Amino acid sequence: MITLWHYLAVAAALFGIGLVGFLTRRNMIIMFLCAEMMFQGVAINFVAFARYHGNLQGQVFVLFIIAVAACEAGVALALFLMMYRRGKSLDATDWQSLREMGVPPTVDTVPLPVEPVTEDEHLAPAGVRPKHVPTEEEAARV
Amino acid sequence: MSDPIDLALLILGLPLLACIIAAYLAITKSPAMKFAHVPLILGCATGAVLGIILLLKVAGGHEHRWISDPMTWFAAGNLKVSFQIAVDPLSAIMLAMVTFISTWIAIFSSGYMHGEKGYARFFAIMSLFVFSMCGLVLSNNFLLLVAFWEGVGVCSYLLVGYYYEKPSAAAAARKAFLVTRLGDVGFLLGIFLLWKMGGWNTSLTALFDYMTKFPPDQGELTAACLLLFCGAVGKSAQFPLYVWLPDAMEGPTPVSALIHAATMVTAGVYLLARCAPLFAMSPVAQIVVASVGGITAILAAFIALAQNDLKRVLAYSTVSQLGYMFLALGTGGAISPIFAVTAAMFHLFTHAFFKALLFLSAGSVMHSMGGVIDMRRFGGLRKLMPVTHITFLCGAAALAGLPLLSGFWSKDLILEALTKASEGNRYTGGYFVLLLVSLITVFMTAFYTFRAYFLTFWGPERIPEEAGHHAHESPSRMTVPLMVLAVGAVFVGIAVEPFNHKFSHLLEHAPTLLQAEAASHTEKIPHHFNMVLASIGTALALGGLGLAFLMYRKGSETLPAAIEPVFALSRNKLYVDELYGAVFVKPAGVLAFLSSAFDGFLDAMARLISAIPRFVGWGIRPIQNGLVQFYALSMALGLTVLLTFVVFRIAR
């Protein structure tokens with residue numbers, strides 16, 4: 001017999017894994033996925049309680065959550081794309097410039113291994129890099 | 001057009017129009033600025049012609065007062081203030097005199113101020129000055145009168161501070177404004193007291209009618225009169241508030257002439273003459289007025305004895321002569337107020353001529369001496385400036401009260417009033433002392449006037465180096481007004497009073513004065529020439545002249561050791577400024593220092609309080625380090641703590 005407790009346990013596990021992942025990982029996409037996991041944990045909670053109480057409120061709520069999460073995914077991924085274009089990195093700690101004035105930036109005590117940047121070899125024809133070297137202004141605007 | 005009210009409004013409007021035109025020129029800085037004097041001269045000249053027509057109309061007809069229909073200015077509860085003007089002999093005389101004198105001063109200024117920076121500004125303010133004075137003279141409502149009264153004050157502030165880049169001029173302007181303001185406080189209080197006592201009227205005529213019909217409480221009336229007198233003391237530079245007038249010499253000389261002769265200082269005398277029905281009912285107020293006048297007359301005359309600045313001598317003489325006018329006004333309860341006011345107004349009238357003349361002559365001297373006005377630095381100018389010399393002599397002789405000149409007649413009238421007042425009434429002794437004081441002042445007046453004259457025009461010719469190429473007679477634009485005013489100073493007295501009594505007949509019909517006479521229960525005094533008094537006055541004046549001649553005919557000042565201390569006292573203005581400095585300014589300074597210290601303390605407290613959030617902010621600022629993980633961790637921890645708290649708290 002699968003009781004409410006089983007559902008809650010799964011939801012708590014999902015939420016916990018998501019939380020830990022969100023706090024420990026620095027890759028923005030992973031962080032985003034972890035946040036989604038937390039969402040789903042909560043959603044399972046809702047559904048479980050809806051079933052337990054025998055009404056539809058929790059289920060309606062979950063529908064809302066899924067809709068909001070979908071929107072959020074669109075916005076967040078677009079944001080990450082732009083940030084990657086500017087910084088050539090998905091590391092969340094690279095974006096510290098909104099800290100308080102006068103507070104020193106946080107730097108890694110052990111520097112991250114530098115991955116060599118390789119030229120994209122398999123770009124689709126539409127994504128062909130322009131031949132000319134970008135001017136300084138263009139580079140700044142990208 | 002023939003209606004006196006229309007005429008009066010036209011006279012009032014012309015200077016205002018001139019002011020607007022000149023102000024427009026000054027603001028737009030148009031090249032026509034050098035013609036800024038034209039509107040004022042034309043306005044004043046037309047005003048003077050109309051003023052004389054008005055005067056003849058007032059003197060000729062059977063009716064002696066015209067009051068315009070009231071136009072409500074503002075009303076609040078019992079306080080109803082309307083724009084209303086009144087033409088009666090008193091205001092007609094003032095109006096004609098103000099516009100006439102102003103015309104010649106304006107013509108003189110167009111030469112004197114030639115090429116000055118702010119030429120148009122000068123004439124704009126002069127026009128406004130004349131406008132305010134005309135309005136003051138005409139207004140038949142106390143609050144309207146106050147408005148013009150303050151307008152006169154503002155104009156004097158602006159003109160005394162005309163050279164506002166000069167710190168001393170700015171300080172003098174401030175002093176003039178603040179000291180007169182001190183009197184104005186009393187004036188306003190007096191008006192509101194009268195308003196309360198006089199059946200909630202602010203109109204002068206209605207108020208007087210009410211007061212004569214329902215005589216008010218003696219004590220209250222005296223208080224109201226004395227409060228009104230406060231305003232007059234400030235404006236007309238009487239003891240103890242006279243200190244601003246000599247400092248007002250910082251303004252251009254024509255301004256001094258205007259302030260001393262036509263506008264501003266005569267306002268106080270006029271106010272008291274206007275309010276004669278009130279003062280006539282209060283003998284106490286009258287003796288106070290007379291005493292203040294007497295003290296001022298002798299004090300200022302004493303200070304004038306040893307001043308080295310030509311304009312300051314004249315300024316103190318104005319203060320002293322205004323004291324005379326108040327002496328005359330102060331006799332109004334003891335003798336017929338008509339006689340008292342006639343004496344005062346007649347002196348005001350003649351004084352306007354010779355004081356304007358003396359100031360303009362001094363201005364002419366100053367102009368040709370390159371701005372130097374210290375009598376020790378020039379002398380013997382009678383060959384260099386023949387016209388100025390003669391006109392100054394006319395003015396000086398008239399001021400000293402030499403026989404047959406205008407000053408002689410008016411001063412004689414005042415002495416006569418004092419003599420009459422010292423016969424048989426409550427304050428006989430007081431008026432007798434004041435008569436003696438005024439006789440001594442006659443002597444001193446003659447002495448200091450001719451001291452200035454001899455020092456400036458006699459002896460070997462001395463010219464300061466600042467004069468440069470200016471050291472010659474002034475242009476005709478300046479000498480013609482001098483000559484006209486000199487003729488006035490010599491003949492205006494004899495022309496209107498001693499033989500035909502035109503002046504006193506005119507004032508005899510003034511309704512307010514008739515009211516005053518009825519209220520004071522005094523008898524009419526016939527006009528006859530008092531030979532004894534005139535002889536004493538003449539002898540004293542000639543004595544002063546002779547003494548000045550003996551001491552100063554060489555054109556330089558060498559004092560016998562015996563009188564040096566007296567002169568030192570006079571030269572230092574009896575240390576009145578120093579006394580005021582020690583008694584009023586210093587304590588005020590200390591108070592200001594304490595206030596500023598307290599203010600500093602309050603500021604420190606405010607800063608301390610504002611420092612608390614800043615300190616807290618400084619403490620927790622490092623938390624906002626821009627790391628998303630850190631924020632998420634904080635949130636998670638906070639949530640944990642909250643949840644722990646909620647769960648265990650509720651579980652228990």
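**Figure 1. Helices α15(B) and α19(B) run roughly antiparallel in this predicted model.** Helix α15 of chain B covers residues 337–368, and helix α19 of chain B covers residues 476–496. Helices here are DSSP runs of H or I with at least four residues, strands are runs of E with at least two, and both are numbered from the N terminus. Two packed helices are described by the angle between their axes and the distance between the axes. The axes of α15(B) and α19(B) come within 9 Å and cross at roughly 150 degrees. Each axis is a line fitted to C-alpha atoms, for helices over the stretch in contact, and angles run from 0 to 180 degrees between N-to-C directions. Angles under 35 degrees count as roughly parallel, over 145 as roughly antiparallel, 65 to 115 as roughly perpendicular, and the rest as oblique. The crossing of α15(B) and α19(B) is left-handed (the near helix is turned anticlockwise from the far one by less than a right angle; clockwise would be right-handed). Residues making the contact include Phe353(B), Leu357(B) and Leu360(B) of α15(B), and Leu482(B), Leu485(B) and Val492(B) of α19(B). Contact means C-beta atoms, placed from the backbone, within 7 Å. The contact residues divide into 12 nonpolar, 5 polar and no charged. Ala, Val, Leu, Ile, Met, Phe, Trp, Tyr, Cys and Pro count as nonpolar, Asp, Glu, Lys and Arg as charged, and the others, Gly among them, as polar.

**Figure 2. Helices α4(B) and α5(B) pack with their axes 8 Å apart.** Helix α4 of chain B spans residues 119–138, and helix α5 of chain B spans residues 142–160. Their angle is about 155 degrees, so α4(B) is roughly antiparallel to α5(B). This crossing is left-handed. From α4(B) come Ile125(B), Leu128(B) and Phe129(B), among others; they meet a set in α5(B) including Phe148(B), Trp149(B) and Val152(B). The contact holds 12 nonpolar residues, 3 polar and no charged.

**Figure 3. Helix α8(B) is largely enclosed by the rest of the structure.** This is because 13 of its 18 residues are buried. A residue is buried if 20 or more other C-beta atoms lie within 10 Å of its own, exposed if 12 or fewer, and partly exposed in between; the C-beta atoms are placed from the backbone. Just after α8(B), Ala237(B) takes a positive phi of about 55 degrees.

**Figure 4. Leu227(B) is a buried residue of helix α8 of chain B.** It has 21 other C-beta atoms within 10 Å. Not counting residues up to four places away in sequence, Leu227(B) touches Gly186(B), Phe187(B), Leu189(B), Gly190(B) and Leu193(B). Leu227(B) and Val152(B) are 75 residues apart in sequence and 19 Å apart in space, C-alpha to C-alpha.

**Numbering and confidence.** Residues are numbered from 1 along each chain as its sequence is written, while chains are lettered from A and ligands numbered from 1 in the order in which they are written. The model is predicted: local features need pLDDT of at least 70, side-chain atom pairs count only at pLDDT 80 or more, and totals for chains, interfaces and linings use all residues.

How values were computed: Contact = placed C-beta atoms within 7 Å.
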